[in-house]
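I opened the notebook for another look through a model, helix by helix. Here is what I looked up, in the order I got to it.

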Amino acid sequence: MALLDTWSAFHRWFWNSDVWLPPGFDWEDMKKNDKVRYAEFGDLIYPIPLAFALICLRLVVERAILYPFGQHLGLKNRPKPKVKQNLILDQVYRQRGKTIGHKELEALGKKTDMGVRQVERWMRRRTAADKPTTLSKFSESGSAV
């Protein structure tokens with residue numbers, strides 16, 4: 001019984017009309033009547049499944065229509081450049097992106113036993129690996145880029 005009392009006290013505290021509603025209104029004012037119809041939870045029965053259906057339709061159109069159409073137009077799905085696994089450089093790339101100064105490049109080269117040019121080349125290849133291909137951009141947007 002104490003649990004039920006605690007629950008109803010919490011329920012009254014959480015749904016306090018002073019917190020959720022403007023001054024002068026109570027939960028009784030929010031009930032449906034002939035003059036006013038408020039939004040209800042049941043109103044979501046159509047939009048949520050419809051949203052999932054549209055997402056599925058978009059995926060089907062991208063993969064079954066736009067991707068082959070982009071290939072027909074001559075867009076190529078070029079393979080992304082291979083990047084050697086380097087945890088130190090990858091961590092710096094994720095934190096700073098491609099904006100790294102020359103002194104930091106030298107420090108990274110010493111940490112990884114690579115030259116400055118090799119570190120720069122790794123960063124360029126990592127940046128190129130993150131970019132989507134023209135064909136994937138075409139199929140996702142539905143138009144030529």
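**Entry: Val 92.** I started with Val 92, which counts as buried at 12% relative accessibility. For my own bookkeeping, buried means under 20% relative accessible area, exposed means over 50%, and partly exposed is in between, with a 1.4 Å probe and protein chains only. The model is a predicted one, so local features need pLDDT of at least 70 and side-chain atom pairs count only at pLDDT 80 or more, while totals for chains, interfaces and linings use all residues. Residues are numbered from 1 along each chain as its sequence is written, and side-chain values use heavy atoms, with hydrogens and water left out.

Val 92 sits in helix 4. Helices here are DSSP runs of H or I with at least four residues, strands are E runs of at least two, and both are numbered from the N terminus. What does Val 92 contact, leaving aside its neighbours within four places in sequence? I found Gly 97, Ile 100, Glu 104, Leu 108 and Met 123, where contact means heavy atoms within 4.5 Å.

**Entry: the rest of helix 4.** Helix 4 covers residues 87–96, and its buried residues are Leu 89, Asp 90, Val 92 and Tyr 93. They lie on the same side of helix 4 because they cover an arc of only 165° around the axis; the arc is that of the directions from the helix axis to the C-beta atoms.

I then looked at both ends. Asn 86 caps the N-terminal end of helix 4, with a side-chain oxygen 3.3 Å from the backbone nitrogen of Ile 88. Just after helix 4, Gly 97 has a positive phi of about 75°.

**Entry: Asp 90.** Not counting residues up to four places away in sequence, Asp 90 touches Trp 122 and Arg 126.

**Entry: Leu 108.** Next I moved to helix 5, where Leu 108 is placed. Leu 108 counts as buried, at 3% relative accessibility. With residues up to four places away in sequence not counted, Leu 108 touches Ile 88, Leu 89, Val 92, Ile 100, Val 119 and Met 123.

**Entry: Asp 113.** The loop between helix 5 and helix 6 holds Asp 113. I stopped at its phi, near 60°, a positive value in a residue other than glycine. Most residues other than glycine have a negative phi. Asp 113 counts as exposed, at 73% relative accessibility.

**Entry: helix 7.** In helix 7, I listed Leu 135, Ser 136, Phe 138 and Ser 139 as buried. Seen down the axis of helix 7, its buried residues fall within an arc of 160°, so they line one face. Helix 3 (47–72) is included in what covers them.

Ser 139 got its own check. Helix 7 spans residues 134–141, and Ser 139 is found there; Ser 139 is buried, with a relative accessible area of 7%. Leaving aside neighbours within four places in sequence, Ser 139 is in contact with Glu 62, Leu 66 and Tyr 67. Just after helix 7, Gly 142 takes a positive phi of about 85°.

**Entry: Phe 14.** My last stop was Phe 14, placed in helix 1. Phe 14 is partly exposed, with a relative accessible area of 33%.

How values were computed. A polar contact is a pair of N or O atoms within 3.5 Å; within protein, one must be able to donate a hydrogen and the other to accept it, and residues adjacent in sequence count only if both atoms are side-chain atoms.
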